[in-house]
Structures are given as C-alpha cells and as structure tokens.
Amino acid sequence: MIQLFDTVRQRADTGALKFVTLCFLAAFVARLSVSAPALSDEVSALMDGQTDGATEMLAPQSLSNEETDLLLAKIREREAQLDAEAQRIEARLKVLEIAQQQYDQQLKALIEAEEALAATMSLADQAASRDIGQLTSVYENMKAKNAAKIFDAMDVNFAAGFLSRMAPQAAAEILSAMNTDAAYSVSLAIANLARANAAVVKEN
C-alpha cells in the first residue's frame with residue numbers, strides 16, 4: 001500500500017514538472033511571435049542599406065585623377081627633399097672626416113716635434129753640464145790668484161755656480177784671493193743657491 005502511494009506521488013510530481021515546463025514554452029512562443037515583426041523589419045533595413053548610414057561608412061572612398069596626381073606630386077617633392085638632406089649630411093660628414101684626419105696628422109707632428117725638442121734640450125743640457133764640469137776642473141787646477149782675477153770679472157751668479165761645483169778647499173782659496181766686495185757678493189749668491197736647492201730637495 002505504501003509503495004503504491006509513493007509511486008502515485010512520484011508520477012504526480014513528474015506531471016507537475018512537465019506542466020510548468022509547458023507553461024514556460026508557451027510564454028516564450030508568445031513573446032517571440034510579438035517581437036518577430038520588429039526583428040524582421042530591422043533585418044530588412046540592414047539588407048536595404050537604411051541603418052543610419054552604416055553602409056556608407058564602410059564603403060571605400062575613391063579619389064579623382066587630379067587628387068591622385070596632386071598626392072603623387074607631394075610624395076615626389078618630399079622624396080626629393082629627403083634626398084637633398086641626405087646628400088647634405090653625407091657631404092658634411094666627409095668634410096668632418098677630412099678635418100679629423102688633418103687634426104690627427106697635425107697632432108702627431110706636434111707630438112713628434114715636442115719629443116724631438118725634448119731630446120735636443122736634454123742633449124744641450126748634458127753638453128752644457130759637461131762643459132761646465134770641464135771648465136770647473138780647469139778653474140780648480142789653476143792657481144787661486146789667477147782664478148780669482150777671472151772670478152772678480154765674472155757675473156756673480158756664474159761665479160757662484162762654478163764655485164758651488166768645486167771642491168770646498170779649491171773654492172775657499174779662490175774666494176780668499178778675490179776682491180773683497182766681489183767675494184762677499186759671490187758668497188751671498190752661493191748661500192741663496194744652496195737655500196734654493198735645499199727647498200727643492202725638501203719638496204721632493
């Protein structure tokens with residue numbers, strides 16, 4: 001009895017579900033039948049090209065022969081301007097390249113000249129130093145009275161330079177034989193020279 005009741009209830013539930021589904025379908029069909037004319041009119045308007053100029057917007061615009069010629073002329077004119085600008089830049093680059101080459105050559109020549117001058121000055125200094133050394137030896141080997149006469153007539157700074165290179169004993173004998181005023185001036189010059197040399201050594 002209970003099983004029979006459950007079966008009847010299940011069938012009743014199924015029937016109710018089918019009934020609700022049928023109602024929804026009927027409502028959908030009714031709405032579709034109402035809106036179908038409007039949809040049909042809209043589709044027809046699209047096909048006939050009557051929808052707010054959309055077809056006109058999509059249609060390609062054609063140019064006349066005069067407009068095409070004018071456009072081509074402007075393009076050719078712009079190409080000519082670009083070609084002229086490119087040629088100007090290329091010529092400028094060539095000028096700069098030549099100037100750079102000339103600058104490099106002049107700089108190389110200047111460096112070589114400076115090196116040659118430095119070498120010449122070094123040789124001159126060496127020669128002068130050698131000559132001064134030889135002349136100093138000559139004065140040292142002379143008699144003090146004879147050397148003193150020469151130093152009395154010599155420039156004070158030259159005399160101080162020679163005497164500072166001599167052995168202390170030979171320099172002292174020449175100074176003692178010199179004129180008193182000349183010997184005093186030379187002595188001051190020797191002292192200043194020694195002070196300057198000491199300052200240079202201290203800085204180094």
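User: Hi! Which residues make the nonpolar surface patch of about 350 Å²?
Analyst: Hello! That patch is made by Leu63, Leu71, Leu72 and Ile75. Keep in mind that we are looking at a predicted model.

User: Okay, where is Leu63 found?
Analyst: Leu63 sits in the loop that runs between helix 2 (54-58) and helix 3.

User: And is Leu63 exposed or buried?
Analyst: Leu63 has a relative accessible area of 55%. The cut-off for exposed is over 50%, so Leu63 counts as exposed.

User: Let's zoom out. How many helices and strands are there in the protein?
Analyst: You'll find 7 helices and 0 strands. Reading from the N terminus, the elements go α-α-α-α-α-α-α.

User: How much of the protein is made up of buried residues?
Analyst: Buried residues are 10% of the 204 residues. As for the surface, the protein exposes about 17100 Å², and carbon and sulfur atoms supply 61% of that area.

User: Now helix 6. Which of its residues are buried?
Analyst: Helix 6 covers residues 168-177, and its buried residues are Ala170, Ala171 and Ile174. They span an arc of only 100° around the axis, so they end up on the same side of helix 6.

User: What's on the face turned away from that buried side?
Analyst: There you can see the exposed residues Pro168, Gln169 and Ser176.

User: And what do the buried residues of helix 6 pack against?
Analyst: Their partners are helix 3 (65-141), helix 4 (144-153) and helix 5 (156-165).

User: Can we look at one of them up close? What does Ile174 touch?
Analyst: Leaving out residues up to four places away in sequence, Ile174 touches Tyr139, Ala144, Ala147, Ala148, Phe151, Leu163 and Met166.

User: And Ala171, what is it in contact with?
Analyst: Once neighbours within four places in sequence are set aside, Ala171 is in contact with Leu163 and Met166. Its relative accessibility is 10%, so Ala171 counts as buried.

User: How far apart are Ala171 and Ala144?
Analyst: In sequence they are 27 residues apart, and in space they are 8.7 Å apart, C-alpha to C-alpha.

User: Which residues of helix 4 are buried?
Analyst: In helix 4 these are Ala147, Ala148 and Phe151. Viewed down the axis, the buried residues of helix 4 fall within an arc of 105°, so they line one face of the helix. On the other side of helix 4, Lys145, Lys149 and Ala153 are exposed.

User: What covers those buried residues of helix 4?
Analyst: The cover includes helix 3, helix 5 and helix 6.

User: And helix 5, which residues are buried there?
Analyst: In helix 5, Ala159, Ala160, Phe162 and Leu163 are buried. Their arc around the axis is only 165°, which puts them on the same side of helix 5. Asn157 and Phe158 are exposed on the other side.

User: Which members of the largest nonpolar core touch the most other members?
Analyst: That core has 17 residues, and Phe151, Leu163, Met166, Ile174 and Met178 touch the most other members. Helix 4, helix 5, helix 6 and helix 7 (180-203) are the elements that give two or more residues to this core.

User: Last topic: which side chains meet in a salt bridge?
Analyst: Those of Arg88 and Glu85 do, at 2.8 Å from N to O. The count for the structure is 1 salt bridge.

User: Where do Arg88 and Glu85 lie?
Analyst: Both lie in helix 3, 3 residues apart, which is about one turn of the helix. Glu85 has 37% relative accessibility, so Glu85 counts as partly exposed.

Key
Residues numbered from 1 in each chain as written. Predicted model: local features only at pLDDT ≥ 70, side-chain atom pairs only at ≥ 80, totals over all residues. Heavy atoms only, no water. Buried < 20%, exposed > 50% of the residue type's maximum accessible area, 1.4 Å probe, protein only. Helix = DSSP H or I, 4+ residues; strand = E, 2+ residues; numbered from the N terminus. Arc of directions from axis to C-beta. Contact = heavy atoms within 4.5 Å. Areas by Shrake-Rupley, 256 points an atom, 1.4 Å probe, with all protein chains shown as cover. Salt bridge = Lys/Arg side-chain N within 4 Å of Asp/Glu carboxyl O. Core = buried A, V, L, I, M, F, W, Y, C linked by side-chain atoms within 4.5 Å. Patch = residues over 30% accessible without salt bridge, like charges linked within 9 Å, V, L, I, M, F, W, Y side chains within 5 Å.
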